[in-house]
Amino acid sequence: MIDINFLRENTSQAVEKLSLRGFHFNSKLFLELEEERKKIQIKTQELQEVRNQLSKKIGVEKSLLKNTDDLMREVSKTSADLKMIEIQLHEVQQKINDYLMEIPNLPHPTVPIGKNEADNIVIREVGSKKKFDFEVKDHVDVASKLGLDFDLGSKLSGSRFTLMRNQIARLHRAIGQFMLDVQVNEHGYEECYTPYLVNTDSLVGTGQLPKFEEDLFLTKKGENDLLYLIPTGEVPLTNIVRNSIQEEGDLPIKLTTLTPCFRSEAGSYGKDTRGMIRQHQFEKVEMVQITHPDQSYTALEEMVNHAENILTKLELPYRVVSLCSGDMGFSASKTYDLEVWLPSQNVYREISSVSNCESFQARRMMARFKDDSKKNKLVHTLNGSGLAVGRALVAVIENNQTKEGYINIPSALVSYMNGLKVIKI
C-alpha cells in the first residue's frame with residue numbers, strides 16, 4: 001500500500017508515476033473522499049469537545065446540588081450524534097482504504113519506462129549456448145519416454161497438471177533440494193517449512209488480495225473459514241513479520257523455503273499449453289529478505305546474484321532483465337527477471353523474478369522495526385525465486401539432451417542423483 005500522506009501531499013506526482021505503470025489514479029475520487037473525511041473528522045472533534053464540556057459542566061452542577069436533567073439529555077443527544085458521525089467517518093475511511101488496496105506500488109526512479117515486456121532492458125547475458133549436431137527436441141519429446149507424463153496428470157486433475165515418475169521425478173526433487181541447499185549453506189538464508197494454505201490476511205499483506213483473487217485456488221474449512229492455496233512461498237515467508245516489530249540489529253532477516261505453488265493462470269488460456277512452462281501446480285524455492293530501508297537496494301542486487309549462482313552451477317545460459325514500469329508485478333517497486341535459455345524455442349524464458357517492494361507490503365502488514373531513536377518504522381520487503389524448479393527441470397532437460405534421447409545430469413546434481421550421470425530408457 002502506498003503511503004497515504006504521499007498521495008495527499010503529492011497527488012499530481014502520484015498520478016504521473018502511476019501512469020507509467022498503466023494505472024489511472026483517480027485523483028478526483030481520492031480528493032473528494034479526502035475532503036469528505038476532513039469534514040467528518042472536524043465534526044467528530046467538535047462533538048467530542050461539546051460532550052467533554054457538557055460532562056465537566058454536569059460535574060460542577062452536581063457538586064452544587066443543582067438539577068442536571070437537561071444537561072444529561074443534551075449529553076445523551078450529543079453522544080448519539082457522535083455515534084452516527086463516527087459511523088460515517090468509518091465508512092469514508094473504509095472507502096479510502098479500499099481504493100488504496102487497488103493501487104500498485106510506485107516505480108523506483110531507475111526502472112525503465114515502458115508499457116510491456118518489449119520495453120524491458122537486458123542487463124547482461126551469461127553463459128554459452130550449446131551447439132547441437134542433431135535436431136533439438138523440446139522437454140516434452142525428450143522426457144515423455146523417461147517418466148514425464150502429461151496424460152496421467154490430465155487424467156488425475158485436468159489440464160496443466162503433470163505426473164513424473166522414476167528418474168525424472170528424482171531429477172525434479174534433486175533440483176529443488178540442490179537449490180535449497182545452496183540458498184541455506186552458501187547464501188545464509190534460514191530454511192523454513194511453511195503452511196501451503198493461508199488466510200485472507202496473509203494474501204492481503206503481500207498484495208495478492210483483493211485485486212488478484214481470480215488467480216488463486218480457494219478452499220473452505222467449514223462454512224465461513226476460507227483458506228487459499230499459496231501462489232508462491234513469498235506469502236507465508238513475508239507474513240512471518242506481519243503485525244510485529246523487529247529489532248534493528250536483527251535486520252536483515254533472510255528466509256527461504258521450497259514449496260509447491262498453486263495458480264489458476266486466469267487470463268493465460270492458450271499460452272504455453274504444451275509442457276511444463278505454465279502449470280497450475282509447480283514447485284519453487286523462494287527467497288525473502290526483510291531489511292532496513294537504507295539497505296534494500298543492496299539486498300536486491302545480492303538476491304539477483306543468489307539466483308544467478310544457481311544457474312551458473314547448473315551450467316545453464318541465462319540473461320538478467322530489468323523490467324519496465326508497465327511489466328512489473330503489483331507490489332514491486334523494482335524487479336529483475338532471470339531468463340534461462342531454452343534451445344527448443346530458441347528463446348530465453350523467465351525462471352526467476354526478484355523484486356524490491358520497499359515499504360508497500362510492510363504498510364499492509366504493519367511490519368516494523370525499532371530504530372536507534374526507538375521509533376517504529378516500516379521495514380522493506382524483498383522476494384525472489386531461487387529458482388522455479390519445474391522451469392529449471394525444463395532447462396536442464398533441453399540443454400543436456402543427447403542425440404540418443406538421453407539426459408546428461410549436470411555435475412552439480414550428480415550427488416543428489418546418487419551418482420547417476422545419465423538418464424536413459
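The model is predicted: local features need pLDDT of at least 70, side-chain atom pairs count only at pLDDT 80 or more, and totals for chains, interfaces and linings use all residues. Residues are numbered from 1 along each chain as its sequence is written, and side-chain values use heavy atoms, with hydrogens and water left out.

**Entry: R124 and E308.** I found a salt bridge from R124 to E308, with the closest N and O atoms 2.5 Å apart; the term requires a side-chain nitrogen of Lys or Arg within 4 Å of a carboxyl oxygen of Asp or Glu. The pair links distant parts of the chain, 184 residues apart: R124 is in strand β1 (residues 121-126) and E308 in helix α10 (residues 296-313). Helices (H or I, at least four residues) and strands (E, at least two) are DSSP runs, numbered from the N terminus. I recorded E308 as buried because its relative accessibility is 6%.

**Entry: E339 and R319.** I noted a salt bridge between E339 and R319, whose closest N and O atoms are 2.6 Å apart. The partners are 20 residues apart, E339 in strand β12 (residues 334-342) and R319 in strand β11 (residues 318-322). E339 counts as buried because its relative accessibility is 11%, whereas R319, at 22%, counts as partly exposed.

**Entry: other salt bridges.** I found K284 bridged to E286 at 2.4 Å between the closest N and O atoms, and both residues are buried. R8, E34 and R37 form a salt-bridge network. My search of the whole structure gave 15 salt bridges.

Key. Buried means under 20% relative accessible area, exposed over 50%, partly exposed in between (1.4 Å probe, protein chains only).
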